[in-house]
Amino acid sequence: MKRRLFTVVLTALALTSSLSQPVLAEPTVERAVASEGRSSAPIQWAECGTYKGECATLKVPIDWKKPSGPTLDLAIGRLKALDPAKRIGVLVVHPGGPGGSGISPFILNGAIPESDPIRQYFDLVSLDPRGVGRSTQAVCSEDLVNRTPTTYPADEAEYRALLQFNADLSKDCREQTGPLFDHVDTTSAARDIDAIRVALGERKISFFAISYGTQVGQQYAELFPGNLRAMAIDSNMDHSITSAWQYLKTTTEDFEGSFLEFAKWCGETEACGLHGRNVIEVWDGLHAKATAGDLTYSDGTPISAEELRLGLFEYMYDPSAWFDAAGWLKDLADGSSSARAAITKAEVVGNPYPAIWCSDWTWDVRSFSQLDQYRRQLEKVAPHTKLSPFWSDVTSCLNWQGPVSNPQHRLKISGNPPVLVATARYDVGTPAAWNHAAAQQIPRSVVLEYEGVGHGQFRNSVCAHDKIAKYLIELKTPPRGTRCAPEYLTQPPAATDLTKKLPLTRTGRPVHVR
């Protein structure tokens, strides 16, 4: 009976979320439950982790258009508010990626520490999204995944090989994953969030996310604006971009801007390993050698220009790692670098990325000549960094055989509470242009700009963190035009945790996660 009752809740949820006025979804769900005279089945929580966390599994439809059909297991976790007397409600913290776990950082590893005021007021709830981690996974044959092209297509033959690989991988992933493969899009992920809300018995939720999770939040606000108490979205995706050129241009511009800011910081910071040297000339020299095939580690291992750019790119996520970046470049320039771990994979997030990503994005690329022209134009836009490693976001979806069930579109939101949008001046993970464009599509949004470099201002800036926390707790957005000054270190941190600074897929490509 409990299972039947929970199915009733999910069925009502799926049907009402498709109404032309999504704000009516909540009362309709309540009426559907009331008609049964009972409440939904309670979540069966079990203790997990060292922070007194609780974990559980929720059954949700694979296909939200068929709410009574087959289900998947959605792994969720919770940390209860530390001060029950102050408890405001539930704060859903959505992970980035796509492909990142929310349970590992937020529930098991204290990514938002107990000293953070947010922990006093909210039950912190996160999840491993559909297709990811502890939830029912999107899987592919490992040997095929390991053959993923890792370089930008250099000629027509490589371009054709890429198209064939994408077709082969998508067919394999569908075969290995089953029906879920066609339903890992962000719209489905947003509906999962409301299923969690219903299961928790909450009339409204607050929502916070960094990076790809912001797209889930944006689309949740489209579907269920009346179910939101507050929403803070940091380092935002812009799902309205349909032009591959515009996507590549904005990501490359912020890569170039981040590097130039790093060079400026190094010139002003005596503890920087390249202080007193022309950082731009050092980089340009290394890149030229890598392009010519003459750059190697001290053990003779060659370093390609692609690998060199990816190494720099990763360091631009978090300026607290800039001391490491300077040391890495110095060693390369002096011919003494053996620290290859600095630019190799440090966080494996599985392989749901292409299945989820290519369910959401389709690109207007029709030929190798078009793609190659973009590369040449981007080298003029960014004469030093040349090309953002996020070129793979475009190329991985060319000739993908899975459904584009959530194609790019401008947001259509109404009836939402004020939304706080946090951005940096330069962000290699989600460029500033994306954040401002997203804010323009969200009614009642307020932009908070960190005037420095980095991805995830909640962690990069004390100023931004405090304003985000204040808004979530007190529902007070900062005045429009509020800016936070750069907060760069002048001395190296005691230790650098590279596993938190180099977010890559198992194939070595960057992801939108922090």
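Between which two elements does the loop that holds Ser211 lie? Ser211 sits in the loop between β6 and α8 (213–223). I start there because at 0% relative accessibility Ser211 counts as buried, where buried means under 20% relative accessible area, exposed over 50%, and partly exposed in between, with a 1.4 Å probe and protein chains only. Ser211 also has a positive phi of about 70°, although it is not a glycine.

Some ground rules. This is a predicted model, in which local features need pLDDT of at least 70 and side-chain atom pairs count only at pLDDT 80 or more, while totals for chains, interfaces and linings use all residues. Residues are numbered from 1 along each chain as its sequence is written, and side-chain values use heavy atoms, with hydrogens and water left out.

Now the overview. The protein chain has 18 helices and 10 strands; helices (H or I, at least four residues) and strands (E, at least two) are DSSP runs, numbered from the N terminus. Of the 514 residues in the chain, 59% are buried. Take the contacts, meaning heavy atoms within 4.5 Å, between residues at least 6 apart in sequence: 80% of them join residues at least 24 apart.

Next, the sheet. It is open, with 10 strands in the order β1-β2-β3-β5-β4-β6-β7-β8-β9-β10, and its pairing is mixed. Two strands pair if DSSP finds at least two bridges between them. β1 (46–48) and β10 (483–484) are at the edges with a single partner strand each, so one side of each has no neighbour in the sheet. As background, strands of a sheet pair through backbone hydrogen bonds, either parallel or antiparallel.

At the β1 end, three bridges join β1 to β2 (residues 53–61), and these two run antiparallel. Ala46 stands opposite Cys55 in β2.

What about β4, residues 89–94? Six of its six residues are buried. β4 runs parallel to β5 (residues 122–128), joined by four bridges, with Val90 opposite Asp123 in β5. β4 also pairs in the parallel sense with β6 (residues 205–210), again over four bridges, and there Leu91 stands opposite Ser206.

The loops around β4 are worth a look. Asp83 is in the loop between β3 (71–79) and β4. At 22% relative accessibility, Asp83 counts as partly exposed. Asp83 and Tyr121 are 38 residues apart in sequence, but 6.5 Å apart in space, C-alpha to C-alpha. In the loop between β4 and α3 (103–108) we find Pro98, and a cis peptide bond joins Gly97 and Pro98, with omega about 5°.

Ser235 is in the loop between β7 (228–234) and α9, and its phi is near 65°, a positive value in a residue other than glycine. Ser235 counts as buried, at 0% relative accessibility.

α9 itself covers residues 244–268, 25 residues, and reaches 37 Å from its first C-alpha to its last, close to the 36 Å expected at 1.5 Å a residue. The expected span is 1.5 Å times one less than the number of residues.

Which residues touch the most other members of the largest nonpolar core? They are Phe262, Trp363 and Leu472, in a core of 144 residues. Such a core is a set of buried Ala, Val, Leu, Ile, Met, Phe, Trp, Tyr and Cys residues joined through side-chain atoms within 4.5 Å. The largest share of this core, nine residues, comes from α9. Leaving aside neighbours within four places in sequence, Phe262 is in contact with Val279, Met316, Trp322, Ala325, Ala326 and Leu329.

That leads to α12, residues 322–334. Its buried residues are Trp322, Phe323, Ala325, Ala326, Trp328, Leu329 and Leu332, and what covers them includes α9, α10 (279–292), α11 (305–315) and β9 (445–453). After α12 comes Gly335, with a positive phi near 75°.
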